[in-house]
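This report describes two chains of a protein structure. Look at the sequence and the model before reading on.

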Amino acid sequence: MAQVAAASPSEERRHRGVAWRVAATRVATIVLVLAALWGLWEAYKWLWETTGWTWPFVVDDTTMPHLHDIVGAFGDPATAGGPALIHPLLDAAWFTAKEALAGFLLGAAIGFALAVVLAHSRLLERGLLPYIVASQTVPILAIAPMVVVGLGSKGVEGWKSVAILAAYLTFFPVAINTLRGLKSVDPRALELMHSYAASRWHVLWRLRVPASLPYIFVALRISATASVIGAIIGETPASIQEGLGGAIVNFNQYYSLQPTFLWATNVICAALGISFFALVAITERLVLRRAPENIA
Amino acid sequence: MTAAPSRVVEIRGLTKSFRTGVTALQEIDLEIEAREFVSLIGPSGCGKSTLLRIIGDLIPATSGTVLVNGKTAHQARLDHDYGIVFQDSVLYDWRTVARNVSLPLEMLRWNRAKRQARVKEMLELVELTGFESNRPWQLSGGMQQRVSIARALSFDPALLLMDEPFGALDEMTRERLNMELLQIWAKAGSTVVFVTHSIPEAVFLSTRVVVMSARPGRIAEVIEVDLPQPRTATTREEPRFFELVTSVREALAAGRGDAARPAAAEELY
């Protein structure tokens with residue numbers, strides 16, 4: 001019989017030791033991968049520059065700046081006499097993060113509600129699902145001006161329109177995955193609820209939703225990064241200057257003069273996407289305590 | 001139709017046909033009194049699980065009546081008269097052992113204090129005290145099934161329906177759980193309908209064994225098990241135990257013989 005009584009103190013200490021080693025290994029892996037990428041980038045740049053190869057593109061300090069120059073750019077003044085680049089970039093990241101977070105939450109809520117409705121009505125599922133799928137084939141760049149201009153004329157602030165665009169990218173994976181999760185409940189678990197004469201509400205909240213959490217979290221991880229992309233792209237047609245999208249448009253214009261500024265902005269964009277992803281992953285860790293084989 | 005107060009299950013002329021044209025059950029009559037332990041045994045496809053599911057109102061009957069405590073099966077389900085245990089424990093892996101047991105009590109809107117007291121009592125009954133905050137997947141198969149039994153009995157249902165609850169367990173665990181189930185049955189004072197494939201298990205546990213034959217599913221014979229209560233480990237070694245095992249085995253064989261006769265052709269006309 002598998003007994004899982006409380007671990008003895010010595011076992012606990014051993015567990016803590018193992019946890020430390022796991023954490024250390026993880027950090028070492030990240031450092032190693034970063035170092036390897038750095039090496040690859042610099043080796044490629046060096047090889048193409050010394051041989052003069054031009055395929056697939058000419059390599060020089062404009063197309064591929066040194067990575068240490070990109071990192072160094074964070075400390076350079078963004079405008080003559082202004083503060084170091086990192087300051088306006090972090091401000092922009094904070095601004096975009098707010099849009100993305102609002103969009104993420106809105107999109108997740110809409111996606112979840114949609115999935116719950118569709119899971120309870122075969123008719124609605126058949127009728128609506130094709131249009132939900134079709135909505136994602138329309139490029140966000142085509143929709144962005146309509147949303148921004150349309151809502152703008154109603155007096156909605158620009159950043160709220162951007163949040164709605166982020167939600168547009170976010171709701172879809174949540175809706176599809178949640179629907180799948182809600183419908184893939186163990187039929188015997190449903191019979192059990194049936195035998196308790198459980199209401200639909202109870203079946204939904206005590207069984208279907210908790211059973212779908214692994215599916216929902218997979219969707220949230222995808223949506224977390226998508227919401228950041230949506231916010232950055234949405235800022236452009238909204239002519240919002242305060243965010244990362246604005247920074248990209250701005251530094252794009254000076255690329256030939258100062259390529260490192262755009263690269264530095266990209267690094268911040270990536271970091272923002274990764275932190276959103278990590279936030280969802282940490283929440284998942286805290287919320288999901290499932291059998292190891294049931295965690296996606 | 002009114003049933004005697006002590007009659008828990010009353011089945012009259014029950015027939016179940018599936019849309020495919022298969023007749024799973026034909027003209028079943030069965031009565032189960034309070035505190036009985038009735039096993040349904042028969043070859044695969046004899047409809048024993050189907051019969052259990054119809055009693056529990058998980059699927060509808062095609063014709064005939066099923067009364068539980070004098071009510072329709074549907075009303076009995078709405079009144080929380082059934083505790084069900086499946087072959088798999090079907091525990092929710094996002095809930096602790098204690099919260100799994102309290103699940104039906106939440107549906108019944110018991111308050112927290114009452115729920116906690118009952119969960120404690122039930123875990124004592126199935127001897128799992130100390131495992132309250134474990135997750136189901138941290139327990140062995142036998143322990144999981146005991147949690148499942150505790151959950152089924154937590155709200156004092158009039159009828160415990162068990163569908164091959166120990167079918168997935170090894171022989172040793174199975175025999176131990178058989179003993180424990182009898183102790184629980186004696187303490188909880190419930191009425192049990194138990195589906196099984198195992199002849200010794202049926203004889204050891206039951207007050208009556210209902211032997212079924214297949215295609216279409218019918219009751220071939222009902223065998224009273226007159227072994228003394230309480231049953232113990234030595235019950236399995238008594239000559240009477242072997243006699244009863246033999247009669248069940250012969251009834252099963254006779255049931256197969258019936259099926260070999262052109263009974264199936266009769267249905268066509």
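The model is predicted.

## Overall form of chain B

Chain B contains 10 helices and 10 strands. Its radius of gyration is 19 Å, close to the 18 Å that the globule rule gives for 269 residues, so chain B is as compact as a globular protein of that length. Along the principal axes, the C-alpha atoms of chain B fill a box of roughly 60 × 45 × 35 Å.

## Burial and contacts in chain B

Of the 269 residues in chain B, 45% are buried. Take the contacts in chain B between residues at least 6 apart in sequence: 71% of them join residues at least 24 apart.

## Domains of chain A

Chain A is divided into domain 1, residues 9–64, and domain 2, residues 86–294. The C-alpha centres of domain 1 and domain 2 of chain A are 29 Å apart.

## A helix pair in chain A

Two packed helices are described by the angle between their axes and the distance between the axes. For helix 3 (residues 86–120) and helix 8 (residues 200–235) of chain A, the angle is about 145° and the axes lie 9 Å apart. The crossing of helix 3 and helix 8 of chain A is right-handed.

Residues of helix 3 of chain A in this contact include A:G103, A:F104 and A:G107. From helix 8 of chain A, the contact residues include A:L220, A:A224 and A:V228. By class, the contact between helix 3 and helix 8 of chain A has 10 nonpolar, six polar and one charged residues.

Note on methods:
Residues numbered from 1 in each chain as written. Chains lettered and ligands numbered in written order. Predicted model: local features only at pLDDT ≥ 70, side-chain atom pairs only at ≥ 80, totals over all residues. Helix = DSSP H or I, 4+ residues; strand = E, 2+ residues; numbered from the N terminus. Rg over C-alpha atoms; globule rule 2.2 N^0.38 Å. Buried ≥ 20, exposed ≤ 12 C-beta atoms within 10 Å, placed from the backbone. Contact = placed C-beta atoms within 7 Å. Domains from an automatic or database assignment. Axes fitted to C-alpha atoms, helices over the stretch in contact; angles between N-to-C directions. Left-handed = near helix turned anticlockwise from the far one by under 90°. Nonpolar A, V, L, I, M, F, W, Y, C, P; charged D, E, K, R; others polar.
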